[in-house]
Every structure is written in C-alpha cells, then in structure tokens.
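Here is a short briefing for a reader who is new to this structure. Keep the sequence and the 3D view at hand while reading.

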Amino acid sequence: MINFTMNDGHEIPAIGFGVYLMTSEEVERCLPQALELGYRHIDTANAYFNEVAVGNVVRESGIPREDFFITTKLFPQSYPYEQCRADIDATLARMGLDYVDLLLFHQPYGDYVSGWKAMEEAVAAGKVRSIGLSNFPAHKIKQVMEAATVKPAVLQVELNPYWNQHALKAELAAMGLGDVVLEGWYPFGHGDAKLLAEPVLAKVAEAHGKTTAQVILRWMLQEGVVTFPKTTDPQHMRDNFDVFDFELSDDEMARVNVLPQKAYYEVPEEAPDFVLVHNDYSKQA
C-alpha cells in the first residue's frame with residue numbers, strides 16, 4: 001500500500017474501499033471480503049445509512065483498530081456549531097468507535113463556517129484525527145479558512161481522467177492550501193463505458209498488461225490522489241488493489257493528462273432538494 005502524508009502529519013492509505021450506495025447487508029457481506037484482500041481504508045458517510053454496518057464489520061474483524069483508516073462525513077443538517085458537536089458524538093456512537101480517522105463536511109451548503117469550530121474541537125478532544133471537506137469549491141473553502149485555526153487535511157471531489165482537477169489544485173495552491181490531499185470519487189466516471197474504453201488508457205493498459213481501470217487508479221496514485229472505488233464484485237476488489245506493481249512513465253502520465261475535460265456532475269451553488277431533507281441517521285440496521 002502507498003500512504004500519503006496529510007498536512008496534519010497523519011498518513012492516509014491511497015486506495016480505500018468505498019461503500020456509497022451499499023445497503024447494510026451488502027456492507028456486511030462485501031467489506032469482510034475487502035478486508036481479507038488487504039483493504040484497511042474505508043469511506044462511508046452519515047447519508048449512506050450504512051455506518052452501523054461498517055462499525056460492526058470493523059469491530060468483528062479481529063483486526064486492531066489502529067490498522068484501519070476510517071472516514072465518514074456529516075451532511076449539512078449537522079453543520080451548525082452545537083448540532084455539529086452533538087452529531088459527531090452520535091456518529092461515533094452509531095459506529096461503535098472511539099474515534100474516526102477522517103471526518104468531512106459532505107456538501108458545501110448550510111452553516112459550515114460555525115461547524116468547522118466543532119470539527120476542530122473534535123480533533124483536540126481525540127474524537128477525530130483529521131478533518132476536511134467534500135465537494136467544496138474554492139470560494140467556499142476560503143470562507144471556512146477565514147474562521148479556521150486548523151486547515152482541511154483533505155478535499156474530496158470528483159476526479160478522474162476526464163476531470164483531473166488540475167485547475168482546482170492551482171486554486172488551492174494560490175490559497176496556501178497546496179498541501180491538502182485530494183480524494184477522488186467517480187474514478188471510473190460512475191462506470192462510464194466510454195471512459196473505460198478510452199483509447200489512450202487502453203493503449204497504456206496494453207503496454208503494462210493491466211486493465212484500463214487499473215491504469216486509472218495508478219494514474220491517480222501518481223497524481224497524489226486518494227481514491228476508494230466502490231464494488232461488490234470480489235474480482236474487481238482484487239483488481240482495484242492490484243495497482244502497486246507497475247508505474248506509468250512521464251509520457252504516459254502526460255498523455256492521460258491532456259484528455260478533454262468535462263465533469264460528470266456539476267456541484268450546484270445552491271443546495272439541491274436532496275440536501276435539504278432532514279435525515280434520521282439513527283434508523284440503521
């Protein structure tokens with residue numbers, strides 16, 4: 001496994017196991033398979049409604065807690081300062097954990113400025129090791145930074161060869177946040193057949209005896225990006241973890257980096273309806 005060092009000194013495994021859109025039953029079936037293959041970084045969220053299952057698998061695995069890197073995320077209903085303090089405790093109780101390794105604000109809406117203080121306090125209290133943001137554009141990150149005493153360690157965004165986020169990296173560097181680790185969701189374009197058949201990627205894959213999906217993951221590693229592809233297929237789990245025995249050349253990296261750019265999902269400036277729903281996260285199996 002390759003680890004990256006975050007700006008707070010903690011290390012984060014570069015490949016994780018994502019549980020987005022997995023039911024609790026799927027988590028309880030698939031996550032143990034992933035752990036057996038060597039995965040230790042798990043990415044979940046309040047809004048995935050499977051934190052209880054993740055916590056159960058982690059506790060029952062027999063693997064020491066310190067060997068895991070566990071990420072979860074708070075939805076905007078949790079952001080106001082007092083609510084954020086309470087919901088961090090509720091998240092830990094739901095998962096049956098004393099701490100999480102990384103806690104993110106999931107969506108860039110609501111009272112994220114006051115909530116950031118509660119995130120910082122959770123770090124000081126040892127409830128959270130590292131904190132960060134998900135789906136936040138540069139101007140909203142700037143709002144957080146104006147009140148912050150602890151920088152985000154991670155920014156989780158859509159990232160793949162068709163949306164390499166080089167412009168965002170430049171914006172972060174200009175803000176003094178060039179040391180923030182990017183995490184990429186939709187590494188395969190949400191299973192986009194066009195991306196997985198992209199001729200540039202196919203040619204590189206053929207040269208290395210790998211699949212295009214493995215080339216994408218290797219490209220992300222060499223870009224310094226963490227990713228956590230979601231799959232319930234054991235063979236795909238193995239393939240996604242089998243990306244540490246080859247390396248793309250500078251020329252191959254350059255050919256991937258000049259692919260035409262277009263996001264699969266545009267994060268809207270104002271909160272869409274699904275973000276405004278008040279969720280009862282206690283209703284989990």
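In E5, Phe69 is the bridge partner of His41. The model is predicted.

- Strand E4 (residues 41–43) and strand E5 (residues 69–74) run parallel, and three bridges join them.
- Both belong to an open sheet of eight strands with parallel pairing.
- The strand order is E3-E4-E5-E6-E7-E8-E9-E10.
- Strand E3 (17–18) and strand E10 (226–227) are the edge strands, and each pairs on one side only.
- Strands of a sheet pair through backbone hydrogen bonds, either parallel or antiparallel.

**Helices H8 and H11**
- Helix H8 (residues 199–208) meets helix H11 (residues 250–257): their axes come within 9 Å and cross at roughly 160°.
- The angle is over 145 degrees, so H8 is roughly antiparallel to H11.
- The crossing of the two helices is left-handed.
- H8 makes the contact with Val200, Leu201, Lys203, Val204, Ala207 and His208.
- H11 brings Glu252, Arg255 and Val256 to it.
- By class, the contact of H8 with H11 holds five nonpolar, one polar and three charged residues.

**Helix H9**
- Helix H9 (residues 212–222) is mostly covered, with ten of its eleven residues buried.
- Among the buried residues of H9 are Thr212, Gln214 and Arg218.
- Trp219, Met220 and Leu221 of H9 are buried too.
- Gly224 follows H9, and its phi is positive, near 80°.

Notes. Residues numbered from 1 in each chain as written. Predicted model: local features only at pLDDT ≥ 70, side-chain atom pairs only at ≥ 80, totals over all residues. Heavy atoms only, no water. Axes fitted to C-alpha atoms, helices over the stretch in contact; angles between N-to-C directions. Helix = DSSP H or I, 4+ residues; strand = E, 2+ residues; numbered from the N terminus. Parallel < 35°, antiparallel > 145°, perpendicular 65-115°, else oblique. Left-handed = near helix turned anticlockwise from the far one by under 90°. Contact = heavy atoms within 4.5 Å. Nonpolar A, V, L, I, M, F, W, Y, C, P; charged D, E, K, R; others polar. Pairing = 2+ DSSP bridges. Buried < 20%, exposed > 50% of the residue type's maximum accessible area, 1.4 Å probe, protein only.
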